Structure formats: C-alpha cells, structure tokens
Amino acid sequence: DMELESKISELSRQVNQLTEMVILMKGSNLQYVTNQTHELCMLAVNDSPDNIKYVHEHNKTYDICLKAVSHDGMLLEYCPNTFTDIEMSTLYREALQNNGYALQFVPFEQRTPELCLETVYSAIRVNVNHLIKLMFRMPVTIEYIQVWRVAIYNTPKIFTILPKHGELYNALRSYAIQMDYKLIERLDDVTEEELIEYIKLYPR
C-alpha cells in the first residue's frame, strides 16, 4: 500500500544519506558498499584516487578514471579500456604525463611513437633513473627512432639498452657516440678509426 511504499522510500533515502556520510568520512569505505552510485564512487575517488580500486567495473566511468590517473598515472591499471578511442588516448596521455611507468598498462598496439615520445619528455622531467627504467619498456623498431634519439640525447648510455646490431642500433650508433664518445668502451664493434679518435680524446 501507499504507506508502506512511503516508509520504504524514506528508509532508502536515509540509507543513501548514511552511506554518503560514511564515504565522506573515509573514501575507502566504498569497498563495503554493494549498491554503488556514480556520485558515491566520485566522492570516494575525490577523497583519494587510490579508491578507484574499490569502484565496481560497471561504475568506472571515463570521468572517474580520468580523475584517478591525473593524480596517479599508475592507477591506469584499474581503468577499463572500453572507452572511445579519443577518450582512451586522453586517459593514456594523462596517466603518462603523471608517471611514465604507466606505459606498462597501455596495450602494446596503442604505444604509438607520439605517445612514447610524450612519455620520454615526461620521464626526463623526473630524473635519469626514471628515464632509463622507462626505456626498457619501449618498443625497439625503427618507427620509434625519434623516441630513442631524444632519450639518448638526454642520457647517451641508454643506447646500450638497444638490441645489438638491430636496425635501430645501427641507425643510432654514430649519433650515440657523437653524444658521448666514451660509449665506445661499452661497444664490441668498435672500428680502428673510432679507437684512434678515442685515444686522442682520452689519452691515458
């Protein structure tokens, strides 16, 4: 009857209010909420981006994911890849600008040279170790030559990460040596001319 419906409706409203208060007190309480709403999930992620871990898959909307990854790129791990191409591209960019290591959560076929180049610039702003670790995850085909060139320009020893005598290695070898002649100490294919030049530059 009407009275019962009214009581149920009022009770439901009170439960929603109480749930909201609990989330406002501590966002991670979302993990105990069965009937999550978009508003509750957003409240939790606003409290701490980490709370995206507790958002049910069907509630992981684009705006919630964007909010999370723009604060911590590594949270890309918890974002579905079911959004539009443009939205996914924005998510990847936001995550990678925040933390280059998030590249590991970008599907390999989506790691375009443009996206990787942005990631390298972002890593350079952090520090050398960050950049070196990142380059171990970077594709090593000739399409990525500009990505590797920028990284080598910043830190020449990165050249030694490349598979020896591959297309990219051969294409960048003289450039890398030009950036830092001491690199030839690490190479096993040094020419006589290079050795003579090295001795001139660094006499014992």
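Visitor: Which residues are buried in helix α7 (residues 145–154)?
Guide: This is a predicted model, and in α7 the buried ones are Val 147, Trp 148, Val 150, Ala 151 and Ile 152. Their cover includes α5 (113–126), α6 (128–135) and α8 (167–179).

Visitor: What makes Lys 60 count as buried?
Guide: Buried means under 20% relative accessible area. Lys 60 has 7%, so Lys 60 is buried. Lys 60 sits in the loop between α2 (38–47) and α3 (62–71).

Visitor: What does the side chain of Lys 60 reach, and how do you know that it is a polar contact?
Guide: The side chain reaches the backbone oxygen of Tyr 78 at 2.8 Å. The cut-off for such a pair is within 3.5 Å, so this one qualifies. Beyond four places in sequence, Lys 60 also touches residues including Ile 52, Pro 80 and Phe 83.

Visitor: Which members of the largest nonpolar core touch the most other members?
Guide: Out of 55 residues, they are Ile 52, Val 120, Met 135, Met 138, Trp 148 and Phe 159. Helix α8 gives the most to this core, six residues. Met 138, for one, is in contact with Leu 103, Cys 116, Val 120, Val 147 and Trp 148, leaving aside neighbours within four places in sequence.

Notes
Residues are numbered from 1 along each chain as its sequence is written. This is a predicted model: local features need pLDDT of at least 70, side-chain atom pairs count only at pLDDT 80 or more; totals for chains, interfaces and linings use all residues. Side-chain values use heavy atoms; hydrogens and water are left out. Helices (H or I, at least four residues) and strands (E, at least two) are DSSP runs, numbered from the N terminus. Buried means under 20% relative accessible area, exposed over 50%, partly exposed in between (1.4 Å probe, protein chains only). A polar contact is a pair of N or O atoms within 3.5 Å; within protein, one must be able to donate a hydrogen and the other to accept it, and residues adjacent in sequence count only if both atoms are side-chain atoms. Contact means heavy atoms within 4.5 Å. A nonpolar core is a set of buried Ala, Val, Leu, Ile, Met, Phe, Trp, Tyr and Cys residues joined through side-chain atoms within 4.5 Å.
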